[in-house]
Amino acid sequence: MKKWKALVTRRPPDKGMAMLADECDLVLWAEDLPIPRQTLLEMAEGVDGIACLLTDPMDKEVMDAAGPGLKCISTMAVGYDNIDVAEATRRGVAVGHTPGVLTEATADLTWALILAVARGIVPGDAMTRAGKFRGWSPTLLVGGDFKDKTIGVIGMGRIGRAVARRAIGFGMKVIYHNRRRLAPEEESAIPAAYSGLEDLIKNSDYLTLHCPLNHESRHMIGEEQLALMKPAAYLINAARGPVVDEAALVRALREKRIAGAGFDVYELEPELTPGLVDLDNVVLLPHLGSASIETRDTMSQMAAQNLLAGMRGEVPPWCVNPGFKSRS
């Protein structure tokens, strides 16, 4: 049986890798670092499918390099802003992603950031390890409370709702902003109240971002929005880095105009905006939102299913292209 030729831009977990290796001749970038652009173009030549990550731009040039035999691009991520879906659709190339599976893991990670930045977990750990803990003090690393506080959720999709449900367990009031307001029964199930964006920013003690990246959301949180936040408020970003103007954030944190921030994604990822790493009121994680064993295993299998289906000429199970039709 003929095997498909597939480029894999980063080695996935074993379960997904085994699915691809069983049906494909793999062209694998073996380094655990983003594939260099020129190497990507060279390795893409003549492939039937590409399994990629968010760090890999999939544009016209890459599709040209692959040639007319390219049938599918599958990303091991929910977001697909790295892929030129319109160009892929024009060429009849299926695009797949991995929605839903990482909802709970990312919501858990969001709350890890909230707890860490508000309760001084990172500096407390560093202090203790360095032998600087000299005993209990009434003023040592005093942070924020949660009960009766307001959490504002921007982006009330699957992850935003999961974060909001966890907030209810902390006795918090949940307000949210979304491009589409939830139905009344969806709001009451959480429960959560809809708010305009400006009012949400003004009224939130914790502001957490879970919106997709697009032309509307890029720098959604900038100098003007940061100025609206309470001085005791915290900003959490587990969505996409460019949603926040990080230069403006650095200034706000440095000047203590907000209490702190917790970030899992970055505007210039993997690089950090100058000044961010020097601040003691921010917690910085290396994009760990989906980093649980079960979640990553499932993501790898979904991405493999998408790629294999697309190369067969079928519509991938989790297809991004609007109205995409089977080739078979």
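I began at S300, where a polar atom of the side chain lies 2.7 Å from the backbone oxygen of D297. The model I consulted is a predicted one. I located S300 in helix α12, residues 293-311. I then looked up its accessibility: S300 counts as buried, because its relative accessibility is 2% and buried means under 20%. Leaving aside residues up to four places away in sequence, I listed P12, P13, K15, G16 and M76 as the residues that S300 touches.

**Sheet**

I traced an open sheet of seven strands with parallel pairing, in the order β8-β7-β6-β9-β10-β11-β12. I noted β8 (193-194) and β12 (282-284) as the edge strands, each pairing on one side only.

I then turned to β6. I found parallel pairing between β6 and β7 (residues 173-177) over five bridges. For T150, I identified K173 in β7 as the bridge partner. I checked which way the side chains of β6 point: T150, G152 and I154 go one way, I151 and V153 the other, and all are buried. Because five of the five residues of β6 are buried, I describe this strand as largely enclosed by the rest of the structure.

**Salt bridges**

I noted both as partly exposed, R37 at 29% relative accessibility and E61 at 45%.

I next examined D108 and R166, whose closest N and O atoms are 2.9 Å apart in a salt bridge. This pair links helix α5 (residues 103-118) with helix α7 (residues 158-169), across 58 residues. I recorded D108 as partly exposed at 44%, and R166 likewise at 21%.

I also looked up the salt bridge between the side chains of E223 and R251, at 2.7 Å from N to O. E223 lies in helix α10 (residues 223-228) and R251 in helix α11 (residues 246-254), so the pair ties together parts 28 residues apart. I found one network, in which salt bridges with shared partners join K60, D64, E87, R90 and R91.

**Surface**

Last, I noted a nonpolar surface patch of about 250 Å², made by F133, L140 and L141. I placed L141 in the loop between α6 (121-129) and β6 (150-154).

Methods
Residues numbered from 1 in each chain as written. Predicted model: local features only at pLDDT ≥ 70, side-chain atom pairs only at ≥ 80, totals over all residues. Heavy atoms only, no water. Patch = residues over 30% accessible without salt bridge, like charges linked within 9 Å, V, L, I, M, F, W, Y side chains within 5 Å. Areas by Shrake-Rupley, 256 points an atom, 1.4 Å probe, with all protein chains shown as cover. Salt bridge = Lys/Arg side-chain N within 4 Å of Asp/Glu carboxyl O. Helix = DSSP H or I, 4+ residues; strand = E, 2+ residues; numbered from the N terminus. Buried < 20%, exposed > 50% of the residue type's maximum accessible area, 1.4 Å probe, protein only. Polar contact = N/O pair within 3.5 Å; in protein donor to acceptor, adjacent residues only side chain to side chain. Contact = heavy atoms within 4.5 Å. Pairing = 2+ DSSP bridges.
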